[in-house]
Each structure stands twice: as structure tokens, then as C-alpha cells.
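Student: Can you walk me through reading some helices in a model like this one?

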Amino acid sequence: MGRNSLKDERRKEIIQKYYLVAKKIGIENSSIAKIASEMDINPSLIIHYFKNKEELTYALVDFILEKYLIIYKRQHVEEDDLKGYLIELIDKLFSKKWNALFNDSLFYSCYALGFRNKKIKGKFKRLHDALRMHLSDVLIKCKNGGIIKIDSPEKIADLIYVLVDGAYYYLSLITEREEYEIKLKDYKQYAFAILEI
């Protein structure tokens, strides 16, 4: 058990360093040798944990996608506080905090890999399906509790995520802070309008 824990820690350390290297120079310019150099270790040590750059990149994609799930972390959700949880969730979805969880450039580089790699595409699809399903479950509970009145929680969850994905793609193009803040606030209000809360 101790050896597995050490192995997991070492793998995590390598992935985090890969994230930092790729954030700085891009995935396409990253290599096992460059990651090893940043860690001040021999490249063979990385190959001991990851057979090749492709396997390491899969682990990097998992690392980035797991950061998405942080948005749903809340200590405890009381049944009588579903409206508070829903409002907090929408606030988080349309907040700089969530967008700051990962680097846009690196995220979109990984996303682009999905167009050439079915395994990476599948990872993105499963994550986005899980995010939509969680929001849909929250909306179903809120609908059953009389907090919101919507016809199809599943379709509304999908629509909100379409809005989130489009918003962050467009916002990544904006350089002026004030414009960014205004647009982000507007998009959040659109989500609340869809939910009629």
C-alpha cells in the first residue's frame, strides 16, 4: 500500500510538472526530456511511470478535466437549501474562480487533441456528460421541490452548459477586464433567466 501511494504521488508530481511546462511552452513543444529537466531528474524516471508522451498526455487530460469537477464541491447540501445550492452553482459556473482552475490555452490544446484522438475525445465527452447530468439532477430536485418551474431539466441543463462553454470560449478572446466582467455577469443573468429565478 505504501509503494502504491508513493507511485501515485510521483505520477501526480510528474503530471503537475507537465501541466506547468505545457502551460509555458505548449503541449506540442513539451517533451519528456523538458519535463525531466524542469524536475531535475533523469527522463528514464518519467518513462518508468509513463511509457511515453502519449500516455503522459492522457494523464494530463485527466488532470485538467478533474479540475472541472471542483465546481460541484460543497460540504453538505440540505434538502431545504436546494435553491441556495442552485444559485451558488450558477454563480460558480459563471465566475472567474472556475475559469481560473485551469489554463485556457492548455485546455483548448487538449480539447483540440480530441479531434485527432478518440480516447481524448471520449474523456471530454464523458466529463461534459457528467457535468450536465449533475446539473440536471439538481434541477430535477429543485423542480420537484417547487423551486423552479421548467419543462425539461435535462434540456435546460444542456442549454446552460452550452451557454457556459460558449461564454468561456468567447471570454478567452477578451483582453479588457471591464468588458470581461460585464459579459460574464450578463451570461450569468441569462442562465438565471432560463431558470426563472
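Predicted model: local features only at pLDDT ≥ 70, side-chain atom pairs only at ≥ 80, totals over all residues.

Student: What span should helix H10 have, at 1.5 Å a residue?

Tutor: Helices are DSSP runs of H or I, at least four residues, numbered from the N terminus. The expected span is 1.5 Å times one less than the number of residues. The 19 residues of H10 (residues 177-195) should therefore span 27 Å, and the end C-alpha atoms agree, being 27 Å apart.

Student: Which residues in H10 are buried?

Tutor: Buried means under 20% relative accessible area, exposed over 50%, partly exposed in between (1.4 Å probe, protein chains only). An α-helix has 3.6 residues a turn, so residues three or four places apart point the same way. In H10, the buried ones are Tyr180, Leu184, Tyr187, Lys188, Ala191, Phe192 and Leu195. They cover an arc of only 140° around the axis, which puts them on the same side of H10; the arc is that of the directions from the helix axis to the C-beta atoms. Glu178, Lys185 and Ala193, on the other side of H10, are exposed.

Student: Which residues of H4 meet H7?

Tutor: With contact meaning heavy atoms within 4.5 Å, Thr57, Leu60, Val61, Ile64, Leu65 and Tyr68 in H4 meet Leu106, Phe107, Cys110 and Leu113 in H7.

Key
Residues numbered from 1 in each chain as written. Heavy atoms only, no water. Helix = DSSP H or I, 4+ residues; strand = E, 2+ residues; numbered from the N terminus.
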